[in-house]
Amino acid sequence: MHTLLLLAALGNQLTFDTQQQGNVYTIVPVATLTQDCQCMVKLTAQSSGSAGQSNSSQSNHIFIKSHEPTKLSRMSLTLSPGDSVTIMVTVSDGKDIHLEKQWSSPGKV
């Protein structure tokens with residue numbers, strides 16, 4: 001039984017599809033799960049730069065169908081030189097599935 005849970009956990013993935021055009025970054029977190037899931041998705045963004053610091057978060061319940069990559073959100077950020085952004089994404093069903101992944105802006109923009 002534990003082996004099956006381990007294999008299921010290894011099959012679940014949380015990735016970031018990231019594109020950059022100049023100083024504009026588009027970040028799309030994508031979840032691919034091995035089983036259907038009525039999941040809670042939480043996104044937290046922390047940024048700092050010459051204009052100060054900002055923290056924001058949002059959460060929502062969504063249905064994720066097994067083996068189908070599901071876009072969880074789409075964020076576009078304009079980063080100035082010296083800006084730093086960290087985005088944390090959590091996907092959980094409160095029982096068997098709990099994934100966390102972080103995206104950070106590249107060094108000094």
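**Sheet and disulfide**

Tutor: In this predicted model, β4-β3-β7-β8 is the order of 4 strands that form an open sheet with antiparallel pairing. Its edge strands, β4 (52-64) and β8 (98-104), each pair on one side only. From one strand to the next, the twist averages 10°, with axes taken as lines fitted to C-alpha atoms and angles running from 0 to 180 degrees between N-to-C directions. Since the model is predicted, local features need pLDDT of at least 70 and side-chain atom pairs count only at pLDDT 80 or more, while totals for chains, interfaces and linings use all residues. Residues are numbered from 1 along each chain as its sequence is written, and side-chain values use heavy atoms, leaving out hydrogens and water.

Student: What makes β7 and β8 a pair?

Tutor: Strands (DSSP runs of E, at least two residues) are numbered from the N terminus, and two of them pair if DSSP finds at least two bridges between them. Strand β7 (residues 84-92) is joined to β8 by 7 bridges, so the two antiparallel strands count as paired. One of the bridges links Val91 to Leu99 in β8.

Student: Why is the link between Cys37 and Cys39 called a disulfide?

Tutor: The term needs a pair of cysteine sulfur atoms within 2.5 Å. Cys37 and Cys39 have an S to S distance of 1.7 Å, so they qualify. The structure holds 1 disulfide.

Student: Why is this disulfide called right-handed?

Tutor: Because the torsion about the S-S bond of Cys37 and Cys39 is about 100°.

Student: Are Cys37 and Cys39 buried or exposed?

Tutor: Buried means under 20% relative accessible area, exposed over 50%, and partly exposed in between (1.4 Å probe, protein chains only). Cys37 has 2%, so it is buried, and Cys39, at 0%, is buried too.
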